[in-house]
Amino acid sequence: MKLYFFIGLFISVINFTVNAQVGLVLKSNESILSVDGTSTIHDWEMVVENMKGNLLMASMDKIESIQEGEISFQVTSLKSNHSLMNKKTYSALKKDKYPIIKGKIIKIYSVGEIYKVELELSIAGITRNITSNFKNTKINSNQIKVKGNFALKLTDFDIEPPEAIMGTIKAGQDVTIKYSLLFEKN
C-alpha cells in the first residue's frame, strides 16, 4: 500500500513540474533583430526578415525564471537595401556551409535593475559566449517582450569584413546587434 502511495506521489510531482513550465514562441512578425555597422563610405543596417525562437519558463512571474531559450534565422533572411551588400555579407558569413545563425540562452540574471543574458552565439561555424544587457519591457500572463543590444567583432567569429570594388569599400569589423523580441504563450 505504501508503495502505491509513493508511486502516486512521484507521478504527481512529475506532472506538477512538467505542467508548471510555460512554453513561449517568438512572434517573428512583431519582433525586430538588426545588425548595424560601418564602412569606409557609410554606416549600414541589415534587418532579419524571418526568425524562429522559443522560451521555456518556470513561471510567467519574472524574467529570471527563463530556463531555456533559442533564436535562429537563415543567413539569407538578413537583408539590407543593397543587393550587392547582401551578396557580400552572405559570402562573408559562409552561408553555403553554415546557413543558420543561432543564439541559445545559457543564463539570465539581474544586477540591480539591469537584466543580463548570457548567450551561446553561433555564426559562420564559430560559437562564442557573449553577454547582453536588456530591458524587460513587457511581461503579463501571455507575453514577454525584451529589448537590448550588444556589440561584437566580426573577426571574433573568423569573419573577414566584406569589401567591394577591389577593396576600396570595406565594412568595419565592429557591429551592433539590436533586438526587440516578443514571445507569446503557445
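This is a predicted model: local features need pLDDT of at least 70, side-chain atom pairs count only at pLDDT 80 or more; totals for chains, interfaces and linings use all residues.
pLDDT is the predictor's confidence in each residue, on a scale from 0 to 100.

View 1. The average pLDDT here comes to 86, and 87% of the residues reach at least 70. Residues 12–18 are the stretch to treat with care: pLDDT stays under 50 there, and the model gives these residues zero contacts beyond four places in sequence.

**View 2. Strand β13 and its antiparallel partners β1, β2 and β10.** Strand β10 (residues 143–153) is joined to β13 by eleven bridges, with Gly 148 partnered by Tyr 179. Strand β2 (residues 32–38) gets five bridges to β13, and Val 35 sits opposite Ile 177. Strand β1 (residues 22–26) has three bridges to β13 (residues 174–185); here Leu 24 pairs up with Lys 185.

**View 3. Tyr 115 stacked with Phe 134.** The count of aromatic pairs comes to two. In this one, the ring centres are 5.4 Å apart, with 25 degrees between the planes. Tyr 115 belongs to strand β8 (residues 114–123) and Phe 134 to strand β9 (residues 126–139), 19 residues apart. Phe 134 has a relative accessible area of 7%, so it counts as buried.

**View 4. The tilted pair of Phe 150 and Tyr 179.** These rings lie 6.4 Å centre to centre, with 50 degrees between their planes. Phe 150 is in β10 and Tyr 179 in β13, so the pair ties together parts 29 residues apart in sequence. Phe 150 is buried at 8% relative accessibility, and Tyr 179 is buried at 10%.

**View 5. Lys 107 over the face of Tyr 109.** Lys 107 lies 5.0 Å from the ring centre of Tyr 109.

Methods. Residues are numbered from 1 along each chain as its sequence is written. Side-chain values use heavy atoms; hydrogens and water are left out. Contact means heavy atoms within 4.5 Å. Two strands pair if DSSP finds at least two bridges between them. Helices (H or I, at least four residues) and strands (E, at least two) are DSSP runs, numbered from the N terminus. Rings of Phe, Tyr and Trp (its six-membered ring) pair if their centres lie within 6.5 Å; planes under 30 degrees apart count as stacked, over 60 as edge-to-face and the rest as tilted. Buried means under 20% relative accessible area, exposed over 50%, partly exposed in between (1.4 Å probe, protein chains only). A charge sits over a ring if NZ of Lys or CZ of Arg is within 6 Å of the ring centre and within 35 degrees of the ring normal.
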